[in-house]
Amino acid sequence: MTASTTTGSDRSTAAKTADTHDAKVFAPAANPAATIVGCVIGLVLLGVAAVAVRDLLVQIGWLSGSAWTRDAADRVADLGWSDWMWPVAVTLIVIGVAMIWLAVKPRRRTHLSLKGYEVMWTRRGDLARRCSNAASGLTGVDHATTVVGRRTVKVRVTVTDAADLGDIDRVVGDVLADIDAPLRAKVRPVGRRSGDRA
C-alpha cells in the first residue's frame, strides 16, 4: 500500500514537472543578436522595393524621369578599380563576418531553472527580490539589497547589533538552494550608523 502510494506520488510529481511536448525543452532566452541587424536590413529592402516600384511606374509611363536602378547599374558598370576600393572591400568583409557571427551567436539565457522542475524558470530579478525579502525578514536587519550576477549573488544588508550573520547566510542559502545553477552568495553586512562591516 505504501509502495503503491509512493509510486503514484512520484508519477504525479513527474507529470507536473515534465513538459507536455516530446521535443527538447529550451530555457527562455533573449532575442537573437541578429535581431537589430535583421530589422535594419528589412528597412533597407523596403527602400529598395520602393525604388523598384518607382522605376516600374516610370517604365509604364505613369511617372516621368529615368529609372534609378538602371542609372545606378550603368554607373557601376563604368567604374574601374581604384585604390579607395581596398578599404571599402575590407570593411565589407569585416561587416560580413560580423553578421555571420551574429547569426550563429548563442542567445543569452534570461531565466534560471528551478531545481527539480524541468519546465519552470525564474528571472534573476525575481531571485534577487526573494533573497532581499528573506534577509529583510530577520531580526536586526533594517534593509537588504541583492544583485544577481552570472555566478555570484551579492547581498548587502543594513544590520543592527541584534542581527545574526549566520541566519542571514542561511536564509540566502535556502533561497539559492532552489535554483539549478552554481550560484555563490556574498553577504555584506553594513552597520546602520558606523558603516563598518559587521
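Predicted model: local features only at pLDDT ≥ 70, side-chain atom pairs only at ≥ 80, totals over all residues.
1. Helix H5. The 13 residues of H5 should span 18 Å at 1.5 Å a residue, and the end C-alpha atoms are 18 Å apart, which agrees. Leu127, Ala128, Cys131, Ser132 and Ala135 are its buried residues. They cover an arc of only 135 degrees around the axis, which puts them on the same side of H5. Arg129 and Asn133, on the other side of H5, are exposed.

2. Surroundings of H5. The buried residues of H5 pack against strand E1 (111-113), strand E2 (121-123), E3, E4 and H6.

3. Hairpin E3-E4. Strands E3 (141-148) and E4 (152-159) form a hairpin, with three residues between them. The two strands run antiparallel and are joined by seven bridges. One of the pairings is that of Ala144 in E3 with Val157 in E4.

4. Thr146. This residue lies in strand E3. Its relative accessibility is 10%, so Thr146 counts as buried, the cut-off being under 20%. The side chain of Thr146 makes a polar contact with the side chain of Ser132, at 2.7 Å; Ser132 is one of the buried residues of H5. Apart from neighbours within four places in sequence, Thr146 is in contact with Ala128, Cys131, Ser132, Val153, Lys154 and Val155. Among these, Ala128, Cys131 and Ser132 are buried residues of H5.

5. Helix H6. H6 (residues 165-176) has twelve residues; from first C-alpha to last it reaches 17 Å, close to the 16 Å expected at 1.5 Å a residue. Its buried residues are Ile168, Val171, Val172, Val175 and Leu176. Viewed down the axis of H6, these fall within an arc of 140 degrees, so they line one face of the helix. The cover over them includes helix H5 (124-136), strands E3 and E4, and strand E5 (184-191).

6. N-terminal end of H6. Asp164 caps this end of the helix. A side-chain oxygen of Asp164 lies 3.0 Å from the backbone nitrogen of Gly166.

7. Aromatic pair. One aromatic pair is found in a search of the whole structure. The ring centres of Trp81 and Trp86 are 5.1 Å apart and the ring planes are at 80 degrees, so the pair is edge-to-face. Both Trp81 and Trp86 are exposed.

Conventions:
Residues numbered from 1 in each chain as written. Heavy atoms only, no water. Helix = DSSP H or I, 4+ residues; strand = E, 2+ residues; numbered from the N terminus. Expected span 1.5 Å × (residues − 1). Buried < 20%, exposed > 50% of the residue type's maximum accessible area, 1.4 Å probe, protein only. Arc of directions from axis to C-beta. Contact = heavy atoms within 4.5 Å. Polar contact = N/O pair within 3.5 Å; in protein donor to acceptor, adjacent residues only side chain to side chain. Phe/Tyr/Trp six-rings, centres within 6.5 Å; stacked < 30°, edge-to-face > 60°. Pairing = 2+ DSSP bridges.
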